[in-house]
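Let's walk through a protein model together, one stop at a time.

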Amino acid sequence: MNRQDFLKTLGLGAVASVTGSSLLTGCNTHDMSGMNMTPGMENMRPSVTEIPFTTPLRFPETITNTGQLTAKSVIDAILPGKNARVLGYRGGMLGPTIRVQNGSDVSLRFTNNLDEESNIHWHGLLVPAEMDGHPTQLVQAGGSFTYAFRLNQAANMAWYHPHPHEKTGKQANLGLAGMIIVETPAERALNLPSGAYELPLVIQDKRLDGNGAPTYSPSMDDVMMGYMGETIIVNGVAGAVQTVSTRVYRLRIVNGSNGRIYNLALSNNAPFWLIGSDGGLLPTAEQVTAVLLSPGERADLLVDFSKVPVGTDVFLKSNTFAGASSQGGQAFNILKFTVNKAETDPFQLPAALGMVSPLSTASATKTRLFDIGIAMEGMNGMPMRGMHTIGGKTYLGSRIDESVKLGDTEIWEFDNSKGDEPHPMHLHSTFFQVLNRVGGRNTLYATEKGWKDTVLVMPGERVRIIAQFTKPGLFVFHCHNLEHEDDGMMLNFRVN
Ligand code: C2O
Ligand code: CU
Ligand code: CU
């Protein structure tokens with residue numbers, strides 16, 4: 001019997017609640033009785049409710065190398081006309097999109113105006129350990145810290161979010177996250193769609209109360225599955241619509257959700273090109289009809305609207321998918337594109353994109369095995385806090401779990417063969433390549449042909465990755481399901 005069946009059998013409901021004060025005054029749990037477990041409750045999937053796609057998609061302001069990011073409570077509308085209290089780094093929810101050139105110096109001043117500790121992690125930027133937003137590098141309420149680093153990496157899409165242990169899920173869910181785009185001359189030379197034809201998109205799901213405000217109060221059930229919401233938002237708006245011309249668009253997508261996985265596809269079933277993933281461009285474009293994207297992962301897509309008749313709507317949607325016990329059973333729309341203008345398109349798909357030279361397994365000095373499928377159960381098999389583990393351990397900030405020699409290349413294996421929940425495993429400090437996947441889906445995907453920092457390990461799977469560790473210092477690796485992470489599914493590693 002798995003943990004969910006235990007819960008069903010025991011009728012265990014509303015066991016867990018958020019500890020600590022609510023960040024938002026007037027932000028109480030709304031009636032999520034359907035989300036809690038009651039005896040006989042059959043449907044545990046938080047299903048998506050679509051609203052009409054009528055609100056113009058918006059894009060956060062863009063900043064470059066310097067600026068101020070202040071975590072604070074702000075008023076913004078996720079649902080049309082419903083101003084609500086959320087968290088953000090500037091005027092509304094989310095934060096600015098940071099567009100920077102590789103090789104340049106970045107200096108961002110962070111001020112914490114929350115009533116609890118926070119910090120910023122730059123997910124997908126290779127920064128020095130002391131700038132990485134490690135869970136022990138906290139900025140107390142009222143405090144400030146300047147994150148300063150020089151970029152040295154390939155062009156990619158990264159993102160940023162808080163990383164205070166046990167509070168990441170709440171702060172990110174209530175609105176703290178932002179997108180980052182790193183550019184290089186090599187990428188610019190490819191003449192990929194840019195300007196109005198390049199759309200950075202952060203996809204999230206929220207559990208909204210009657211006032212349209214996100215609420216965060218995970219039950220034990222939510223801790224097991226990840227905190228999923230009924231409302232899908234893109235760049236902070238639900239029911240978003242974007243007008244497009246008959247051209248190729250570059251969609252740069254980050255899954256900024258706490259726990260929800262999307263199986264991205266187009267409503268007209270048209271194929272599209274996957275050109276990049278977490279760490280940058282793939283060697284060549286991969287034609288796909290769907291891309292599975294788990295929390296933390298990015299997908300760089302080219303979508304061709306040139307054959308779509310003017311006046312037609314095409315949705316970016318999530319198709320159903322199998323293999324994840326607690327989700328995937330529902331298809332839903334995410335974002336509406338309305339083709340409203342005929343234009344000729346000069347775009348030519350380049351034959352070669354990024355550089356991904358395979359790391360050789362022969363160069364690996366060590367293989368580490370991590371069992372991520374162990375579910376800790378308390379008395380009588382009942383789930384408890386800290387049930388999500390890596391190698392049987394939950395996070396302890398003061399403990400160094402793994403020591404890696406600086407410069408070494410290693411193979412890490414994540415073993416979810418005994419587990420019953422999907423785990424998107426994320427490493428700080430480096431990008432990796434996915435070597436293989438055994439069990440479960442038993443294959444590698446187009447997104448896994450490039451540099452990755454997050455890899456989805458479904459129930460039943462063992463996934464092997466290879467990475468070189470070139471940044472010294474203390475970092476974490478963890479499950480990017482933020483409820484699992486906050487529940488302790490994170491370990492420290494030191495490189496030196
Ligand atoms: Cu996006 Cu350690 O996380
Ligand atoms: Cu990260
Ligand atoms: Cu997990």
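Is cysteine 479 buried or exposed? Cysteine 479 has a relative accessible area of 0%, so it is buried; here buried means under 20% relative accessible area, exposed over 50% and partly exposed in between, with a 1.4 Å probe and protein chains only. Before we go on, keep in mind that this is a predicted model, in which local features need pLDDT of at least 70 and side-chain atom pairs count only at pLDDT 80 or more, while totals for chains, interfaces and linings use all residues. Residues are numbered from 1 along each chain as its sequence is written, chains are lettered from A and ligands numbered from 1 in the order in which they are written, and side-chain values use heavy atoms, leaving out hydrogens and water.

Cysteine 479 brings us to a metal. The copper ion (ligand 3) is held by Cys479 (SG) together with His423 (ND1) and His484 (ND1), at 2.0 to 2.1 Å. Such donors are N, O and S atoms within 2.8 Å of the metal (3.2 Å for Na, K and Ca), and as water is not among the atoms, sites may look incomplete. Along the chain, the donors are spaced as H-x55-C-x4-H. Histidine 423 sits in strand β28 (residues 423–427) and cysteine 479 in strand β32 (residues 473–479), so the two tie together parts that are 56 residues apart in sequence. Strands (E, at least two residues) and helices (H or I, at least four) are DSSP runs, numbered from the N terminus.

Next come the aromatic rings. A pair of aromatic rings is described by the distance of the centres and the angle of the planes. Rings of Phe, Tyr and Trp (its six-membered ring) pair if their centres lie within 6.5 Å; planes under 30 degrees apart count as stacked, over 60 as edge-to-face and the rest as tilted. The whole structure has 23 aromatic pairs. In one of them, the rings of tyrosine 89 and tyrosine 160 have centres 5.5 Å apart and planes at 45 degrees, so this pair is tilted. Tyrosine 89 lies in the loop between β4 (83–88) and β5 (97–101), and tyrosine 160 in strand β9 (residues 156–161), 71 residues apart. Tyrosine 89 is buried at 1% relative accessible area, and tyrosine 160 is buried at 0%. Both tyrosines belong to one aromatic cluster, whose members include Phe110 and Trp122.
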